[in-house]
Amino acid sequence: MNHARGIVSRRLFVSGMFAALGAAPVAAAGASASGVAAVASGGGLLRARPATVFLGGRARSTWAYDGVVPGPTIRVTAGGTVRARLVNDLPAPTTVHWHGIRIAADMDGAPGFSQRATRPGESFDYVFTVPDAGTYFYHSHVGMQSDRGLYGALIVTDPHEPLPYDQEFTVQLDDWLDGVKGTPDDARRRMNTTPHDESLTSPALGGTSGHVRYPYYLVNGHTADEPTTFVSRPGTRARFRVINASADTAFRVALGGHRMTVTHTDGFPCDPVTVDTFVIGMGERYDFVATLDAGAFPLMAMAEGKGGRAFAVVRTTPGARRPSPKGKVPELQRRMLKYQDLQAQRADQLRPPSRTVTVTLGLRMRRGGNEWTMNGRLANDPMRLRVDRGETIRIILHNDTHMWHPMHLHGHTFQVRASDRGGPRKDTVNVMPRKRVNIDVHADNPGEWMFHCHNLYHQEQGMMGVLGYGKAPRRTHGMGH
């Protein structure tokens, strides 16, 4: 039994177990938005459908799971089973991808690789065991759909949790334009026909920070003007599970008046490291703990290089004055977490690789729109890295472009070789422009697995490859990613 990963020898069947942490998500018109924990209706259903949410004091049309943004939080114990029936009430095909889970390939929700997208009026039953404790999330993997409201948290608890804490909060970060400036598909088309905003830059991201300056940045579906509030008491040792579910935005996160001890990277435990702030890319997750002082404090997530901010309040004293979302948070300019600071626990160290391959991340400028490539190939004819079951390979991610890329591998985790000591276990890693990152992957989950940039615009413009086992199968499903 591997207690460090929360793997148990028996299966704990948790069918349709949904609960929300922290403040309630944004409710659809006519639904409850009380601050109490929300329980999904339908007991195991994820109903994807058009919905109306309220942002900035106005009703906005979007697509959502069960009419709420974010979707219902799913909680399950490591070794247990998730049973979720996707019901598609959308006017387009859709899937659910379980981001970060070492899952059976036919449950991965990857259209063109593991399943056909579920068509309007149809349903699909996702049933899978979750082997590893940690902070994960789920989202649509069709087109630009995840840049709407089609995402939610998946929290896998450890039955032998070694981390001492009193209370936990889930923090889901998002960038939002749906129903404000058209749809995400409209934004993608505009990106191909309008000049890039040269002011979108960040030294922390090596230059260009993104493509879109979003009208809203959200914490658990709330804008900074109507913030989520996490309620606790002075002296509480609180665990924060931070998920970046956005499409094009990295966030710089800090808790005003506190330092943060980072304990987990993309679900996996690491040797604790105390910092003031960290940058979290799209698809990444960090867990941190902090002992809370008396008062009300800003949980600030600056949209890195974009000038906006997502904002929530951590309140331990009922009468304390609420901090302003426009206030200064000195911690944002203090010690920032680096991959070199992070070290996987000994049980999660991978053995040395038997071979090395290079994946070059590239860009081709075209009149009709940029093409983002992997080893010179696009998603419709993808690069394929062949592996054999049981081997460990080193992938050198060489970014030959002017932008950073959060690279995500389905069905596996990898170890980022960020220092001589080793590095963290992750499933998503940020590769800075003109830089290289080495990741070691142990091939222990046969299938054909998406390997792509989690900037949704880059993914949709070609930066999608495959890690596959043995001889390449004949593709039978439409791509539709």
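Colleague: Is Phe-251 buried or exposed, and what is its relative accessible area?

Modeller: Phe-251 is buried, at a relative accessible area of 0%. Buried means under 20% relative accessible area, exposed means over 50%, and partly exposed lies in between, with a 1.4 Å probe and protein chains only. Please note that this is a predicted model, in which local features need pLDDT of at least 70 and side-chain atom pairs count only at pLDDT 80 or more, while totals for chains, interfaces and linings use all residues. Residues are numbered from 1 along each chain as its sequence is written, and side-chain values use heavy atoms, with hydrogens and water left out.

Colleague: How much of the chain is buried, and how many helices and strands are there?

Modeller: Of the 481 residues, 61% count as buried. The chain has two helices and 35 strands; these are DSSP runs numbered from the N terminus, with helices being H or I of at least four residues and strands E of at least two.

Colleague: Where do Trp-98 and Tyr-126 lie in the chain?

Modeller: Trp-98 is in strand S8 (residues 97-99) and Tyr-126 is in strand S9 (residues 123-129), so named by the DSSP numbering, and the two residues are 28 residues apart. Both Trp-98 and Tyr-126 are buried.

Colleague: Which pair does Phe-251 belong to?

Modeller: Phe-251 pairs with Tyr-217 in an edge-to-face arrangement, with 6.0 Å from centre to centre and 85° between the planes. Tyr-217 lies in strand S15 (residues 216-219) and Phe-251 in strand S18 (residues 251-255), so the pair ties together parts 34 residues apart in sequence. Tyr-217 also counts as buried, at 5% relative accessibility.

Colleague: Which residues form a ring cluster?

Modeller: Ring pairs link Tyr-65, Trp-98, Phe-124, Tyr-126, Phe-128 and Tyr-138 into a cluster.

Colleague: Which residue lies over the face of Trp-63?

Modeller: Arg-148 does, at 4.0 Å from the ring centre. A charge sits over a ring if NZ of Lys or CZ of Arg is within 6 Å of the ring centre and within 35 degrees of the ring normal.

Colleague: On to the sheets. Which strands does S12 pair with?

Modeller: S12 pairs with strand S17 (residues 237-244) in the parallel sense over seven bridges, and with S15 in the antiparallel sense over four bridges. Two strands pair if DSSP finds at least two bridges between them. Thr-170 stands opposite Arg-241 in S17, and the bridge partner of Trp-176 in S15 is Tyr-216. Strand S12 (residues 167-176) is mostly covered, with nine of its ten residues buried.

Colleague: What is the strand order in the sheet that holds S8?

Modeller: The order is S6-S11-S10-S8, an open sheet of four strands with mixed pairing. Strand S6 (71-77) and S8 are the edge strands, each pairing on one side only. Neighbouring strands are turned by 25° against each other on average, direction ignored; axes are lines fitted to C-alpha atoms, for helices over the stretch in contact, and angles run from 0 to 180 degrees between N-to-C directions. S8 and strand S10 (residues 134-139) run antiparallel, joined by three bridges, and His-97 has His-139 in S10 as its bridge partner.

Colleague: And which strands stand at the edges of the six-strand sheet?

Modeller: That open sheet has the order S26-S25-S28-S33-S30-S31 with mixed pairing. Strand S26 (371-374) and strand S31 (425-426) stand at the edges with a single partner strand each, so one side of each is left without a neighbour in the sheet. S25 and S26 form a hairpin with six residues between them, and Gly-369 in the turn has a positive phi of about 135°.

Colleague: Finally, what does Thr-208 touch?

Modeller: Its contacts, defined as heavy atoms within 4.5 Å, include His-196, Leu-200 and Trp-404, not counting residues up to four places away in sequence. Thr-208 counts as buried, at 14% relative accessibility.

Note on methods:
Phe/Tyr/Trp six-rings, centres within 6.5 Å; stacked < 30°, edge-to-face > 60°.
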